[in-house]
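Hello,

Here is the structure I promised to pass on to you. Have a look at it first, and then read on for what turned up.

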Amino acid sequence: MNEDHPIARVEPLLLIAIGGFVGATLRYAVSAALPGGFPWGTLAVNALGSFALGLLLYEARLTDLLSAETRLTLGTGLLSSFTTYSTFAVETTALDPAMALVNVGANYALGFLAVIAARAVTRGSLP
């Protein structure tokens, strides 16, 4: 299809929208399944999303097997909607100061550890 065709120009937006719908729906499902009292749902999606995005980006960089459309749908759409910095910020401000520090530390520590784990998994899976 010609790059100037209207459908070709809209395709990236549709791929992001589809991925975003799936990611946001999954985030809601995870948050609804976990107990309240502490933002466990946001912590879980941020850690899981960091691991999945790490896998996706390291796999794309090391193997170059993922198409631009797949990276757009999964990375920009799905995983960007699955993880949430804005909800993390709002929920943190609603916690008492000690729990807010725990929440910030847990989100950043688990996020970085998840990316490092994803890199290790990707490197271990390559021949």
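In which helix is Gly77 found? Gly77 is found in helix α3, and at 0% relative accessibility it counts as buried.

Before the rest, a word on the conventions. This is a predicted model, in which local features need pLDDT of at least 70 and side-chain atom pairs count only at pLDDT 80 or more, while totals for chains, interfaces and linings use all residues. Residues are numbered from 1 along each chain as its sequence is written, and side-chain values use heavy atoms, with hydrogens and water left out.

**Overall picture**

The chain has five helices and zero strands, and its pattern along the sequence reads α-α-α-α-α. (Helices are DSSP runs of H or I with at least four residues, strands are E runs of at least two, and both are numbered from the N terminus.) The C-alpha trace spans about 55 × 40 × 20 Å along its principal axes. Of the 127 residues in the chain, 29% are buried. (Buried means under 20% relative accessible area, exposed over 50% and partly exposed in between, with a 1.4 Å probe and protein chains only.)

**Residues in and between the helices**

Leu74 and Gly23 are 51 residues apart along the chain, with 8.7 Å between their C-alpha atoms.

Leu43 sits in helix α2 and is buried, since its relative accessible area is 10%. From Leu43 to Thr83 there are 40 residues in sequence and 9.0 Å in space, C-alpha to C-alpha.

Asp64 may be worth a look for its backbone: it has a positive phi of about 55° although it is not a glycine. Asp64 lies in the loop between α2 and α3 (68–82), and it counts as exposed because its relative accessible area is 58%.

**The surface patch**

A nonpolar patch on the surface is formed by Val10, Leu13, Leu14, Ile18, Phe21, Val22 and Leu26, with about 660 Å² of accessible area together.

**The largest pocket**

About 280 Å³ of space lies in the largest pocket. (A pocket is an open set of points on a 1 Å grid over the protein atoms alone, where a 1.4 Å probe fits, with protein on both sides within 12 Å along at least five of seven lines; lining residues have an atom within 4 Å of a point.) Its lining has 16 residues, and Asn46, Ser50, Asn107, Tyr108 and Gly111 lie nearest the centre. Two or more lining residues come from each of α2 (40–63), α4 (85–94) and α5 (97–125), and α2 gives the largest share, six residues. By type, the lining divides into eight nonpolar, eight polar and no charged residues.

Best wishes

Technical notes
Patch = residues over 30% accessible without salt bridge, like charges linked within 9 Å, V, L, I, M, F, W, Y side chains within 5 Å. Areas by Shrake-Rupley, 256 points an atom, 1.4 Å probe, with all protein chains shown as cover. Salt bridge = Lys/Arg side-chain N within 4 Å of Asp/Glu carboxyl O. Points joined across faces, edges and corners; volume = space filled by probe spheres on them. Nonpolar A, V, L, I, M, F, W, Y, C, P; charged D, E, K, R; others polar.
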